[in-house]
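Dear colleague,

Please find below the structure that I am handing over to you.

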Amino acid sequence: MSHLLIVEDDELLRDALGAQLTQAGHTVTPASDGERAQALLESNRFDGVILDLGLPKVSGMEVLRWLRKRLPALPVLVLTARDGVEDRVQGLNAGADDYLTKPFSMAELQARLGAMLRRARLPAFGGSLELVTDGARRLRVDAKLPQAWLGDEALELTQREWALLSLLVTNAGQVISREDVLSAWQSEPGDGTSTGASAGVGSNALEVYIHRLRRKLADSGLNIRNVRGLGYMLESSAP
């Protein structure tokens, strides 16, 4: 599931939110003030933030504006007692993805949170593609940048390796052909190993890239299988 930062100065509410969201399968990190939230955001990777506005030290609105300059794609759900129309407009204009006022229904919060996280993972929103491996470590592939993570560990990928991995993850469990890969590579700028988008992709070049990815996914619970005469398939390596 997702790693969430809960920024709330009310200890009882913060603990209740943490318990409910942990029970729902999320990993939760709490923060009781805006200063602590900023420190955590600088040192950790989160999938989403639940943010109160009435915070000590640094206000929630300041945290939101600060966060948007540094992590523009990180989804933020504002949870606050400020229920005026102007407050909502101000929060949404400052960069909140959703706005929920107190008192609230936990069922509604979880529904809004789930919808927000799903939107953030769509390529059109600059999110990420994800798979959960048998070892419970998520493989996350950034939808726009040549970056990917296995659990909390970043994978070192060239531009072409990232494009190939994105294609495999998008079509997990299905065969992708050599032509599919070449088509994906044609829209990428390359990885520094050649000058053209599809230059050097001949003889056994594609097999080299497949071999590189297999090594980087070793012990992940995933395998790239050669489907004779058809192409390649990303699948679980469990028997």
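Please bear in mind throughout that the model is predicted.

**Overall picture**

The chain has 239 residues, and 46% of them count as buried. Its secondary structure consists of 8 helices and 11 strands. Among contacts between residues at least 6 apart in sequence, 53% join residues at least 24 apart. The accessible surface of the chain is about 12100 Å², and carbon and sulfur atoms account for 50% of that area.

In soluble globular proteins, nonpolar side chains tend to be buried together. In this model, the largest nonpolar core holds 26 residues, and the ones with the most contacts inside it are Leu-139, Leu-164, Leu-165, Leu-168 and Ile-224. At least two residues of this core come from each of several elements, including strand S7 (138-142), helix H6 (159-170), helix H8 (205-216) and strand S10 (222-227). H6 supplies the largest share, 7 residues.

Leu-165 illustrates how these parts come together. Leaving aside residues up to four places away in sequence, Leu-165 touches Leu-139, Val-141, Ala-148, Leu-157, Leu-213 and Leu-217. Apart from this core lies another one, of 23 residues, which includes Ala-37, Leu-53, Leu-55 and Leu-67.

**A β-α-β unit**

Strand S4 (residues 76-80) and strand S5 pair in the parallel sense over 4 bridges. Thr-80 stands opposite Thr-101 in S5. Together with helix H4 (residues 85-93), S4 and S5 make a right-handed β-α-β unit. Within S5 (residues 98-101), Asp-98 and Leu-100 point one way, while Tyr-99 and Thr-101 point the other way; all are buried.

**Salt bridges**

Side chains of opposite charge can pair when their charged atoms come close.

The side chains of Arg-140 and Asp-47 meet in a salt bridge, at 3.8 Å from N to O. Arg-140 lies in strand S7 and Asp-47 in the loop between helix H2 (34-43) and strand S3 (48-51), so this pair ties together parts that are 93 residues apart in sequence. Buried means under 20% relative accessible area. Arg-140 therefore counts as buried at 10% relative accessibility, and Asp-47 is likewise buried, with a relative accessible area of 9%.

Asp-98 forms a salt bridge with Arg-112, and their closest N and O atoms are 2.7 Å apart. This pair links distant parts of the chain, with Asp-98 in strand S5 and Arg-112 in helix H5 (residues 106-121), 14 residues apart. Asp-98 counts as buried at 13% relative accessibility, whereas Arg-112 counts as partly exposed at 28%.

Lys-216, the residue of the opening question, has Glu-161 as its partner: their side chains meet in a salt bridge of 2.7 Å, N to O. Glu-161 is in helix H6 and Lys-216 in helix H8, and the pair links distant parts of the chain, 55 residues apart.

Finally, salt bridges that share partners join Glu-8, Asp-52 and Lys-102 into one network.

With kind regards

How values were computed. Residues numbered from 1 in each chain as written. Predicted model: local features only at pLDDT ≥ 70, side-chain atom pairs only at ≥ 80, totals over all residues. Heavy atoms only, no water. Core = buried A, V, L, I, M, F, W, Y, C linked by side-chain atoms within 4.5 Å. Buried < 20%, exposed > 50% of the residue type's maximum accessible area, 1.4 Å probe, protein only. Contact = heavy atoms within 4.5 Å. Areas by Shrake-Rupley, 256 points an atom, 1.4 Å probe, with all protein chains shown as cover. Pairing = 2+ DSSP bridges. Right-handed = clockwise from strand over helix to strand, strands pointing away. Salt bridge = Lys/Arg side-chain N within 4 Å of Asp/Glu carboxyl O.
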